[in-house]
Amino acid sequence: MGRLSSFMPYATYILYSPTLDRYYVGHAQDPVLRLERDHNGGRNKSTKTGAPWEHRWGRWFNSRAEAMALERAIKARKSRKYIEELIAAEPPTT
């Protein structure tokens, strides 16, 4: 069976947990489904204690590699201030 589409966009996204007062950075093809099923549904070990998570920011890319690169760059900064500046500068797109 062939590929359904040659264009499969990916998003880098930032979630916020009011319960933990923490941010989570990730990437996915369907960030809405990932939020509902995995992060708020308890399927992701690293985020299940912080549910409910809220979507705060996102950016779309043409490839998974691009989305992963931005995710790694954000995480490498290890900066809550940087994450909050990203959120303030750009409204959510996912």
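Helix 2 lies across strand 1, strand 2 and strand 3 of this predicted model, running at about 160° to strand 2. Angles here run from 0 to 180 degrees between N-to-C directions, and axes are lines fitted to C-alpha atoms, for helices over the stretch in contact. Helix 3 also packs on the sheet, where it touches strand 1, strand 2 and strand 3, and its direction makes about 65° with that of strand 2. Contact means heavy atoms within 4.5 Å. Helices (H or I, at least four residues) and strands (E, at least two) are DSSP runs numbered from the N terminus. Residues are numbered from 1 along each chain as its sequence is written. Because the model is predicted, local features need pLDDT of at least 70 and side-chain atom pairs count only at pLDDT 80 or more, while totals for chains, interfaces and linings use all residues; side-chain values use heavy atoms, leaving out hydrogens and water.

Three strands form an open sheet in the order 2-1-3, with antiparallel pairing; two strands pair if DSSP finds at least two bridges between them. Strand 2 and strand 3 stand at the edges with a single partner strand each, so one side of each is left without a neighbour in the sheet. On average, neighbouring strands of this sheet are turned by 15° against each other, direction ignored. Strand 1 and strand 2 run antiparallel and are joined by seven bridges. Serine 17 has arginine 22, in strand 2, as its bridge partner.

Now to helix 3 (residues 80-89). Its buried residues (under 20% relative accessible area, 1.4 Å probe, protein chains only) are Ile83, Leu86 and Ile87. These three cover an arc of only 95° around the axis, which puts them on the same side of helix 3; the arc is that of the directions from the helix axis to the C-beta atoms. An α-helix has 3.6 residues a turn, so residues three or four places apart point the same way. The buried residues of helix 3 pack against strand 1 (10-17), strand 2 (22-28), strand 3 (54-61) and helix 2 (64-77).

Of the 13 residues in the largest nonpolar core, Ile14, Tyr23, Trp57, Ile74, Ile83 and Ile87 touch the most other members. Such a core is a set of buried Ala, Val, Leu, Ile, Met, Phe, Trp, Tyr and Cys residues joined through side-chain atoms within 4.5 Å.

Technical notes. Buried means under 20% relative accessible area, exposed over 50%, partly exposed in between (1.4 Å probe, protein chains only).
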